[in-house]
Amino acid sequence: MLLPGLILVLLFCYGPMAGILIAFQNYIPVKGITGSEWVGLEHFRYVYSLPETMTVFRNTVVIASMKIVGGLFAPLITALLLNEIGKRLFKRSVQTIIYMPHFLSWVIMAGILLDVLSPTTGIVNAFLDWLGITKVFFLGNADWFPYVLVGTDILKEFGFGTIVYLAAITGINPALYEAAVLDGANRWKQTLHITIPGIVPIIVLLLTLGLGNVLNAGFDQVFNLYSPSVYSTGDILDTYVYRIGLGNGQYGVATAVGLFKSVISLVLISVSYLLAYRLANYRIF
Amino acid sequence: MAAKKVKVWALVTLMLILVTVTACSNNKGNEGSKASDSPSPSKSASASPAESETKETVPDGPTGKYDPPIEVSTVRSINAGVKFQEGDSLDSNIWTKDFESTLGIKVINKWKVSDQQYQNKMAVTMASGDLPDFMLVDAQQFQILVQADTIADLTDTYAKYASDLTKKSIEEGGGLRLKASTVNGKIMGIPADGGGRDDAHSLYIRTDWLKNVGLEPPKTMDDVINIALAFTKNDPDKNGKNDTYGLSLDMNLFNGWSGLEGFFNGYHAYPFNPTKGTATNLNFVKGSDGKAAWADVQPEVKTALGKLQELFKAGAIYPEFSVIDGVKSGELVTSNKVGMAYGAFWVPTWPINNMKKDVPGSDWGVYPIVSADDKPAMAQSTGGLPSKYYVVSKKAKNPEAAFILLNRVMDKLYGNFDINYHTVTAGDVSYGLHMYPPIGGVFAEKNQEAAYAVQEAVKNNDASKLNEEQKQYYDQVVKYKEGDLSMWASDKLWSTGGVFEVLGQYKKNNRIFQSVYTGNPTPTMVAKGPSLRDEQVRTFTSIIMGGQSIDYFDEWVTKWMDSGGKDILEEVNASGQIQ
């Protein structure tokens with residue numbers, strides 16, 4: 001039964017890969033790949049020569065790493081806490097409410113966040129002010145912007161992750177808990193020695209997948225939240241490519257960065273897979 | 001065993017289906033493109049034997065009818081504001097019917113998208129190589145298509161098929177638009193816009209606030225700054241709270257709404273590099289050595305930035321301007337938070353159009369931009385060069401059809417003006433039928449002339465000399481004067497003391513600044529423009545917000561020169577297209 005899937009993958013994932021040739025061309029859309037002039041590694045040299053490239057690359061890695069760590073712990077902790085709650089109704093309600101933002105698009109989220117985080121009228125800053133802390137211009141301050149990205153991303157997605165972990169927890173054999181109770185283990189010990197080891201494979205799986213995505217720091221989110229004043233810390237590879245490449249019709253340059261990104265991602269995912277195999281004996285295949 | 005066999009067969013069938021389905025869809029795609037590239041080969045094949053009997057007629061000049069009718073393909077974008085009456089669509093409306101009956105041309109829209117997506121969709125279409133017979137492209141796509149040699153040379157077609165009216169519109173105002181459409185002596189496109197100078201900024205001020213703080217309309221830039229400060233500190237809305245700002249600004253810095261062009265112009269500085277732009281329409285000034293220099297790095301820009309920094313420090317600019325866009329800055333203004341903005345002629349129609357009606361006692365005045373010294377201020381305009389072109393595919397069977405269509409549209413909209421093709425009002429809704437045709441042109445001074453005509457008619461109380469379009473504006477102005485506040489925007493556009501009065505003064509007194517470079521974007525502008533633009537906007541924003549001292553400007557200028565600016569200047573100066 002693998003065949004139809006395989007065919008689709010070949011058709012839609014491997015077929016378009018021929019497009020990476022554009023990275024080595026002075027690509028003119030109407031002339032196509034066969035008609036455009038070959039320029040070798042010129043685009044890579046050009047991108048490397050741009051002063052922002054290294055900053056953007058660093059931003060991407062920093063933001064994505066923070067997101068992976070935050071996106072790992074926030075749902076895990078929430079899931080463990082929710083698991084301890086006996087009241088079904090309460091548990092389900094919390095689960096649903098924190099899951100909701102996942103369905104909002106970043107366009108809408110950005111609109112809400114702009115109001116919520118505003119230093120003059122926003123509720124967050126009003127609270128900070130009440131605590132006696134200086135107000136922060138979250139979306140316009142380059143120092144704060146990456147943390148805002150990470151925070152809001154976690155806020156939007158941790159409900160989704162929680163459900164995955166809760167599902168994994170449900171899959172743990174109840175007999176283990178019963179045995180532990182007989183041995184005198186309290187709730188904390190049960191969590192530590194049964195629940196967490198029980199869901200380690202899922203944690204490792206999500207982490208592995210996350211590492212492969214390390215260079216996708218979230219185009220939608222950044223694109224909707226950033227402004228010129230925070231380019232220095234908020235610009236990621238995707239938004240950068242969009243502005244310098246697609247916004248100006250430089251397809252060759254855009255593809256070159258995309259290809260570069262893919263190569264790095266391949267290395268990262270290979271390394272993380274290897275680590276997962278060594279450390280947790282986890283294998284996908 | 002049997003069950004397993006069935007499964008295998010099912011799998012094989014499924015695969016076969018998949019393969020054939022994908023193959024089919026591929027074929028279909030090819031067929032579709034072929035059919036539209038050269039209008040239905042089967043049809044022309046069947047038409048050729050008939051040719052000997054009934055003679056095929058094709059127009060041999062600006063007017064005439066194709067018989068048998070031909071099909072011409074194009075692609076369209078739709079603005080969300082365009083409304084259709086029941087039964088009408090972009091594919092079928094009064095225009096398409098007219099084209100078919102009087103010209104024998106059936107226009108096929110190969111695809112339609114919202115105008116927001118048009119540019120991207122066009123890029124995809126260009127990449128696929130499946131071009132329609134004629135299409136609208138932006139300046140950069142125009143360049144690409146010319147380089148790729150896939151669009152038709154229209155020089156002879158233009159001479160033979162463009163009507164006098166069409167030629168007049170394209171060559172209006174010294175022929176700058178035609179020049180921009182000409183590459184290496186060949187006319188490669190039909191300019192779709194440009195020629196206009198109506199994007200020059202005026203100054204919009206809340207007149208009721210002026211009264212409340214006891215100030216007069218500004219005569220110098222110092223007055224502007226004083227008003228901005230008074231609007232911030234002297235509680236112009238009399239609500240007892242310190243919650244107002246003097247000058248509207250948003251993250252785009254340069255824009256038709258709450259942009260800074262007018263402010264800079266007051267200090268004889270002419271920078272232009274909008275955040276959302278393509279970073280290729282830069283302004284150049286002529287230096288003392290006769291060479292072109294970049295307007296944005298001149299010392300006057302620094303002076304103006306310094307003033308903006310002071311204004312920001314004094315709280316006269318919304319502290320979060322760097323993260324809000326034009327829509328948000330518009331909301332601030334309409335919610336009574338800001339009392340002054342620089343902007344283009346359309347500002348009365350958005351965002352301040354409903355304020356007079358919705359906010360009792362409020363009113364806005366339109367004023368010409370003022371100068372910081374005794375030299376009069378020049379208002380910059382970047383509308384002179386076209387930003388969009390209609391181009392004809394090399395494969396088009398009837399390249400002249402684009403002109404035949406254009407002639408008809410121009411005739412209906414400007415020659416023998418026909419209101420039925422322009423705006424139709426049914427009930428409370430008016431339908432802008434002039435937005436429907438697939439091709440069109442502009443007379444850049446049309447609005448200006450309409451404004452003068454309306455003012456004249458209002459003065460003499462005689463609307464008999466107005467054409468139907470102008471008569472509409474006249475009626476709206478009269479309605480406003482009779483107390484209909486929803487017609488406020490029309491009054492601000494067409495009446496005495498309105499925007500076009502201000503723009504007319506600029507034009508008459510030669511107070512419009514236009515870039516001295518009239519050529520298309522140079523290679524370095526295309527390559528490094530976006531990166532340079534980002535840095536510029538970031539620098540300007542940071543200076544205004546006080547994050548960097550004003551002297552950082554000089555540092556940025558050096559940086560600009562080193563990271564591509566010098567090359568751009570060299571290319572511009574070598575182009576021979578300096579006025």
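**Reading the cavities and spans**

User: Which elements of chain B each supply at least two residues of the lining of the largest cavity?

Analyst: They are β1 (70-78) and α15 (401-415) of chain B. Helices (H or I, at least four residues) and strands (E, at least two) are DSSP runs numbered from the N terminus. A cavity is a set of points on a 1 Å grid over the protein atoms alone where a 1.4 Å probe fits but cannot get out, and lining residues have an atom within 4 Å of a point. This is a predicted model, with local features needing pLDDT of at least 70, side-chain atom pairs counting only at 80 or more, and totals for chains, interfaces and linings using all residues. Residues are numbered from 1 along each chain, chains are lettered from A, and side-chain values use heavy atoms, without hydrogens and water.

User: Which residues are closest to the centre of the largest cavity?

Analyst: The largest cavity holds about 60 Å³, volume being the space filled by probe spheres set on the points, joined across faces, edges and corners. Of its 12 lining residues, V72(B), D133(B), A396(B), N398(B) and A401(B) are closest to the centre. The lining splits into 8 nonpolar, 1 polar and 3 charged.

User: What lines the second largest cavity?

Analyst: That space of about 50 Å³ has W95(B), Y436(B) and P437(B) among its lining residues. Here α3 (94-103) and β2 (105-114) of chain B each give at least two.

User: How much of residues 61-82 of chain A is helix?

Analyst: That span is 100% helix, with its end C-alpha atoms 31 Å apart. Residues 194-215 of chain A are 86% helix, and the end C-alpha atoms lie 34 Å apart.

Key: 1 Å grid on protein atoms, 1.4 Å probe; cavity = no way out; pocket = protein on both sides within 12 Å on 5 of 7 lines; lining within 4 Å. Nonpolar A, V, L, I, M, F, W, Y, C, P; charged D, E, K, R; others polar.
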